[in-house]
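Take a look at the sequence and the model below. Some questions and answers follow it.

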Amino acid sequence: MHSTHLLLEEPLRMASILEPSKTSFYPSMTKIVGTLGPKSRSVEVISGCLKAGMCVARFDFSWGDAEFHQETMDNLKVAVKSTKKLCAVMLDTVGPELQVLNKSERPISLQADSLVVLTPNQDKEATSNLLPLNFGGLSKAVTKGDTIFIGQYLFTGSETTSVWLEVTKVDGEDVVCLIKNSATLAGSLYTLHVSQIRIDLPTLTDKDKEVISKWGVRNNIDFLSLSYTRHAEDVRHAREFLSNLGDLNQTQIFAKIENIEGLNHFDEILQEADGIILSRGNLGIDLPPEKVFLFQKAAVYKCNMAGKPAVVTRVVDSMTDNLRPTRAEATDVANAVLDGSDAILLGAETLRGLYPIETITTVNKICAEAEKVFNHDSYFKKAVKHVGEPMTHLESIASSAVRAAIKVKASVIICFTSTGRAARLIAKYRPTMPVISVVIPQLKTNQLRWTFTGAFEARQSLIVRGIFPMLADPRHPAESTSATNESILKVALDHGKAFGVIKSHDRIVVCQKVGDASVVKIIELED
C-alpha cells in the first residue's frame with residue numbers, strides 16, 4: 001500500500017478551527033450521491049436535498065417497484081426545474097443479492113442461542129424459527145461453521161436490527177443456523193450476506209435487465225451502479241447490454257465492490273469500469289474490521305491515479321435516526337475526503353432516514369473542512385509521477401492548467417469540452433479551485449433525426465470531485481474562431497460571477513481548443 005501524506009505540512013492555528021465556515025455556491029468540492037426513497041421522494045424534500053448539495057440521485061431497485069420509483073423520478077424532474085440545480089440519475093441494480101422475504105411485514109424476533117431454518121420455500125410464512133429466501137442454492141454453497149449476516153435494507157451493524165448466524169447443519173435444501181445475537185427484524189425485506197462464499201447467480205440478472213430496458217431507457221439514466229461486481233467480465237457484459245439500448249450506450253458503469261471476489265479482481269475491474277463504488281457495508285462483513293480502511297485507502301488511490309471517480313458508502317449511519325453524526329462518523333467522512341474520494345454515497349441515511357436534508361448539509365460541511373487541509377502539492381506530484389513521461393497531449397495540457405492555476409492563485413479553471421474528458425483530466429490533478437466545465441453540445445444524426453449531445457456529458461461530471469458543469473448554447477462550436485470563444489467565455493464568467501466564485505481582479509485559467517491546438521491561458525478580470 002502507498003503511504004499518503006495528504007495533510008498540510010504546516011500546523012493549523014487552533015484559533016482558526018473555531019472560525020465559522022464561509023458559505024459558497026458549492027457546499028464542497030466532494031460530491032454527494034443521495035438515495036431517494038420513502039422519506040425523500042416529495043418535491044419539497046428533493047428540492048431541499050438539491051439545495052443542500054445532492055448532485056446525483058440514486059434509485060435502488062433492491063426494493064420498491066418501477067411505478068414507485070417513477071413517481072419519485074417525476075418529482076425529481078420538478079425539483080430540478082424549480083431549483084435550477086443539475087442532478088444526475090443513478091440506477092442501482094439488485095444483482096445476486098440474497099433476500100429474506102417477510103410477506104406479512106410483522107416484526108420477527110430472533111433470540112440468541114436458539115435455532116432458525118433458512119428455506120428456499122417462498123410459500124412459507126416468515127417466523128422466529130423459519131426464514132424464506134429468494135434463492136434455492138444456499139444449501140449447496142455453505143458448510144457447517146460458515147457465517148451468515150441478515151439486516152434490513154443495508155446493514156446498520158446495530159445489534160437490535162441485524163443478526164449474525166452460524167451454520168450448524170445443512171438439511172436437504174434447508175440451512176439450519178444458530179442465532180448469535182438477539183435482534184428484531186422489521187419490514188418486508190432483509191438482505192442476507194454469506195461471508196466469503198461465492199453465490200452462483202449472474203451479476204446482471206434478468207430482473208435487472210428488464211428494469212434497465214424499461215425504467216432506465218425511459219429516464220435516460222446517467223450511471224448504472226453494478227451491484228456485486230466480481231470480475232471485469234461483469235462490466236463488459238453490462239456495457240454490451242447497454243450498447244443496444246439507444247442513448248444508454250452513453251451511460252457510465254460504476255462497479256460496486258462488495259465482497260472478497262471483487263476485491264481480488266479489483267485492478268481488472270477498474271480498467272473496464274467508468275468508476276468504482278466501495279460498498280463498505282458488505283465489505284465490512286467479508287473483511288476483518290481492521291482491514292476495511294486498508295482496502296479503502298489502496299482502492300481510492302488506484303482510482304485517483306487512473307482518473308476514475310471513487311465513491312465511498314456507509315458513512316453516517318447514525319444520522320438515519322439522529323440529527324448529529326457520531327465523532328467516529330464525522331472523522332470517517334473527513335478521512336474519506338483526505339484519502340481522495342470523489343463522492344460520498346448516502347443510502348439508508350436519505351432513503352428512510354428522518355433527516356435527509358440535514359444529513360446532506362452535515363456531510364458537505366465536513367467534506368469542505370477536510371478539503372481545506374488536503375495536501376494538493378503532494379498529491380499533484382504523485383499524480384504527475386504516476387503518469388510518467390512522455391505524457392499524452394491531453395494529460396500534459398490538463399496538468400499544466402492545474403499547475404498554472406495554483407501558481408497564479410486563480411479563483412477558477414474554466415474548461416471548454418464536448419465529451420467531458422478534458423475537464424475530468426483536469427480534476428484528476430485535484431486543483432484547489434473549482435473547475436467550471438463548459439460542455440459544448442455537438443450535433444449528430446441517425447439519418448432519421450438530429451439530436452444534440454452534451455446533456456449526458458454535463459450530468460456525468462457531477463460525480464467528479466471539483467467539477468461544476470454548465471451546458472453551453474449549441475450555436476457555439478467547441479473549436480471555433482476567437483470571436484465565438486470570447487462570447488462563450490463571457491457566458492461562463494457571468495455564470496461564475498452569479499454564483500460568487502469569480503470577483504473583480506480575479507485571475508482565471510482557461511483551457512480550450514482553438515483549431516487543432518489546445519490552449520491554456522490566464523486572464524485577469526477588470527472591474
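The questions go from a sheet to aromatic rings and then to backbone angles.

This is a predicted model, in which local features need pLDDT of at least 70, side-chain atom pairs count only at pLDDT 80 or more, and totals for chains, interfaces and linings use all residues. Residues are numbered from 1 along each chain as its sequence is written, and side-chain values use heavy atoms, with hydrogens and water left out.

Reader: In what order do the five strands of the open sheet lie?
Author: Helices (H or I, at least four residues) and strands (E, at least two) are DSSP runs, numbered from the N terminus. Two strands pair if DSSP finds at least two bridges between them. Here the pairing is mixed, and the order is 22-19-18-23-24.

Reader: Which are the edge strands?
Author: An edge strand here pairs on one side only. That picks out strand 22 (467-471) and strand 24 (517-524).

Reader: Which residue in strand 24 stands opposite Cys-511?
Author: Strand 23 (residues 507-514) and strand 24 run antiparallel, joined by eight bridges. Opposite Cys-511 stands Val-520.

Reader: What angle does helix 15 make with strand 24?
Author: Helix 15 (residues 393-407) packs on the sheet and touches strand 18 (412-417), strand 23 and strand 24. Contact means heavy atoms within 4.5 Å. Axes are lines fitted to C-alpha atoms, for helices over the stretch in contact, and angles run from 0 to 180 degrees between N-to-C directions. The angle with strand 24 is about 10°.

Reader: How many residues apart in sequence are the parts tied together by Phe-266 and Phe-295?
Author: Rings of Phe, Tyr and Trp (its six-membered ring) pair if their centres lie within 6.5 Å; planes under 30 degrees apart count as stacked, over 60 as edge-to-face and the rest as tilted. Phe-266 and Phe-295 are edge-to-face, 5.9 Å centre to centre, with 90° between the planes. Phe-266 lies in helix 8 (residues 266-272) and Phe-295 in helix 10 (residues 289-306), so the pair ties together parts that are 29 residues apart.

Reader: Is Phe-266 buried or exposed?
Author: Buried means under 20% relative accessible area, exposed over 50%, partly exposed in between (1.4 Å probe, protein chains only). Phe-266 has a relative accessible area of 5%, so Phe-266 is buried.

Reader: Which ring does the charged end of Lys-209 sit over?
Author: A charge sits over a ring if NZ of Lys or CZ of Arg is within 6 Å of the ring centre and within 35 degrees of the ring normal. The charged end of Lys-209 is 5.8 Å from the centre of the ring of Phe-241.

Reader: What is omega for the peptide bond from Glu-389 to Pro-390?
Author: Most peptide bonds are trans. Pro-390 is found in the loop between helix 14 (376-387) and helix 15. The bond from Glu-389 is cis, with omega near -5°.

Reader: Is Lys-409 buried or exposed?
Author: Lys-409 is found in the loop between helix 15 and strand 18. Phi of Lys-409 is near 55°, a positive value in a residue other than glycine. At 72% relative accessibility, Lys-409 counts as exposed.

Reader: What is the relative accessible area of Arg-430?
Author: Arg-430 lies in the loop between helix 16 and strand 19. Arg-430 is not a glycine, yet has a positive phi of about 50°. Arg-430 is buried, and the relative accessible area is 6%.
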